[in-house]
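Hello,

Here is the structure for you to look through. My notes on what was found in it follow below.

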Amino acid sequence: MIEEKSREEIVCLLIDNYVDLQRIKKANSGVKNDELDYQIKGTAVKLASMGFAVEGITI
C-alpha cells in the first residue's frame with residue numbers, strides 16, 4: 001500500500017533537503033559544483049511551487 005504524505009510533511013522534507021544542500025555547499029569551500037547547484041535550484045523551485053520563497057536564503 002502506498003502511503004500518502006500530507007502537504008506539511010512534504011514541505012518539511014523539502015526544507016530539510018534545501019538546508020542539507022546549503023550546508024554541503026558551504027562546506028564545499030567555494031569549489032564549483034554544477035550538480036550541487038542544480039539540486040539546490042530544483043529544491044528551491046519545488047518550495048516556490050508550494051508558496052515558499054527561498055531566494056537569498058543561504059547558510
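**Salt bridges**

The side chains of Asp20 and Arg23 form a salt bridge, with N and O 3.1 Å apart. A salt bridge here is a side-chain nitrogen of Lys or Arg within 4 Å of a carboxyl oxygen of Asp or Glu. This is a predicted model, in which local features need pLDDT of at least 70 and side-chain atom pairs count only at pLDDT 80 or more, while totals for chains, interfaces and linings use all residues. Residues are numbered from 1 along each chain as its sequence is written, and side-chain values use heavy atoms, leaving out hydrogens and water.

Asp20 and Arg23 are three residues apart in helix 1 (residues 7–27), which is about one turn of the helix. Helices are DSSP runs of H or I with at least four residues, numbered from the N terminus. An α-helix has 3.6 residues a turn, so residues three or four places apart point the same way. Asp20 is partly exposed, at 32% relative accessible area, and Arg23 is partly exposed at 48%. For these words, buried means under 20% relative accessible area, exposed means over 50%, and partly exposed lies in between (1.4 Å probe, protein chains only).

The structure holds three salt bridges. Another one joins the side chains of Lys25 and Asp37, at 2.8 Å from N to O. That pair links distant parts of the chain, with Lys25 in helix 1 and Asp37 in helix 2 (residues 34–49), 12 residues apart. Lys25 is partly exposed at 37%, and so is Asp37 at 22%. Lys32 also forms a salt bridge with Asp34, where the closest N and O atoms are 2.8 Å apart. Both Lys32 and Asp34 are exposed.

**Helix 2**

Which residues of helix 2 are buried? They are Leu36, Ile40, Thr43, Ala44 and Leu47. These residues lie on the same side of helix 2, because they cover an arc of only 105° around the axis, the arc being that of the directions from the helix axis to the C-beta atoms. The buried residues of helix 2 pack against helix 1, contact meaning heavy atoms within 4.5 Å. On the face turned away from the buried side are the exposed residues Asp34, Tyr38, Lys41, Val45 and Ser49.

At the N-terminal end, Asn33 caps helix 2, with a side-chain oxygen 3.2 Å from the backbone nitrogen of Glu35. After helix 2 comes Gly51, which has a positive phi, near 95°.

Regards

Terms used
Helices (H or I, at least four residues) and strands (E, at least two) are DSSP runs, numbered from the N terminus. A polar contact is a pair of N or O atoms within 3.5 Å; within protein, one must be able to donate a hydrogen and the other to accept it, and residues adjacent in sequence count only if both atoms are side-chain atoms.
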